[in-house]
Amino acid sequence: MKPDQIEIRRLQVKTHIGVPDEERADVQTLLVTILMTPSQGFNGLGDEISRSVDYYQVSLEIEALAAAKPRKLIETLAIDIANHLVTNHPLAKVAVTIEKHILPNTECVAVHVERSG
């Protein structure tokens, strides 16, 4: 049976990112998708937010992490987000996908990382 999961799909975050200095100089918008597997399944929540993962708070933390400092690679940001979430929330596992619209003739470039809590 598949575990209970919470997904934040294509959250828009603003950040300074890119390998060339000129690219990092301007704010860019990335799309971040998070798939979280809570340590406790949904059956034990008792309809109480305090027993679940507060996905609004998670979204704010992701936005803050993205804006906190410039990075060259979206891979680095994906790792930073995944590590932060499994360290600071009751998660058995988290998957992070980041989309960047940078290459011509493509929908996007995406990276995907998974971490366990």
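Which exposed residues does the face of H2 turned away from its buried side carry? I started my notes there.

**Ground rules.** I am working on a predicted model, where local features need pLDDT of at least 70, side-chain atom pairs count only at pLDDT 80 or more, and totals for chains, interfaces and linings use all residues. Residues are numbered from 1 along each chain as its sequence is written, and side-chain values use heavy atoms, with hydrogens and water left out.

**Entry 1, helix H2.** I found Tyr56, Ala67 and Ala68 on the face turned away from the buried side of H2, and they are exposed. Exposed means over 50% relative accessible area, buried under 20%, and partly exposed in between, with a 1.4 Å probe and protein chains only. I then listed the buried residues of H2: Val58, Ser59, Glu61, Ile62, Leu65 and Ala66. Seen down the axis, these fall within an arc of 165 degrees, so they line one face of the helix. The arc is that of the directions from the helix axis to the C-beta atoms. I noted the general rule: an α-helix has 3.6 residues a turn, so residues three or four places apart point the same way. The buried residues of H2 pack against strand S1 (6–15), S2 and H3. Contact here means heavy atoms within 4.5 Å. The 14 residues of H2 should span 20 Å at 1.5 Å a residue, and the end C-alpha atoms are 20 Å apart, which agrees. The expected span is 1.5 Å times one less than the number of residues.

I ran the span check on H3 (residues 74–88). Its 15 residues should span 21 Å, and the end C-alpha atoms are 21 Å apart, which agrees. The buried residues of H3 are Ile74, Leu77, Ala78, Ile81, Ala82, Leu85 and Val86. They cover an arc of only 155 degrees around the axis, which puts them on the same side of H3. What covers them includes S2, helix H2 (55–68), strand S3 (91–100) and strand S4 (109–116).

**Entry 3, the whole chain.** I counted three helices and four strands. Helices (H or I, at least four residues) and strands (E, at least two) are DSSP runs, numbered from the N terminus. Along the sequence the pattern is β-α-β-α-α-β-β. The C-alpha trace spans about 50 × 25 × 20 Å along its principal axes. Of the 117 residues, 37% count as buried. Among contacts between residues at least 6 apart in sequence, 60% join residues at least 24 apart.

I looked up Pro38 in strand S2 (residues 28–38). Is Pro38 buried or exposed? It is buried, at a relative accessible area of 11%. Asp4 is 34 residues from Pro38 in sequence, yet the two are 7.2 Å apart, C-alpha to C-alpha. Leaving aside neighbours within four places in sequence, Pro38 contacts Asp4, Gln5, Ile6, Val53, Pro90, Leu91 and Ala92.

Most residues other than glycine have a negative phi. I noted Arg10, where phi is near 60 degrees. Arg10 sits in strand S1 and is partly exposed, with a relative accessible area of 39%. Asp47 also has a phi near 60 degrees. Asp47 lies in the loop between S2 and H2 and counts as exposed, at 79% relative accessibility.
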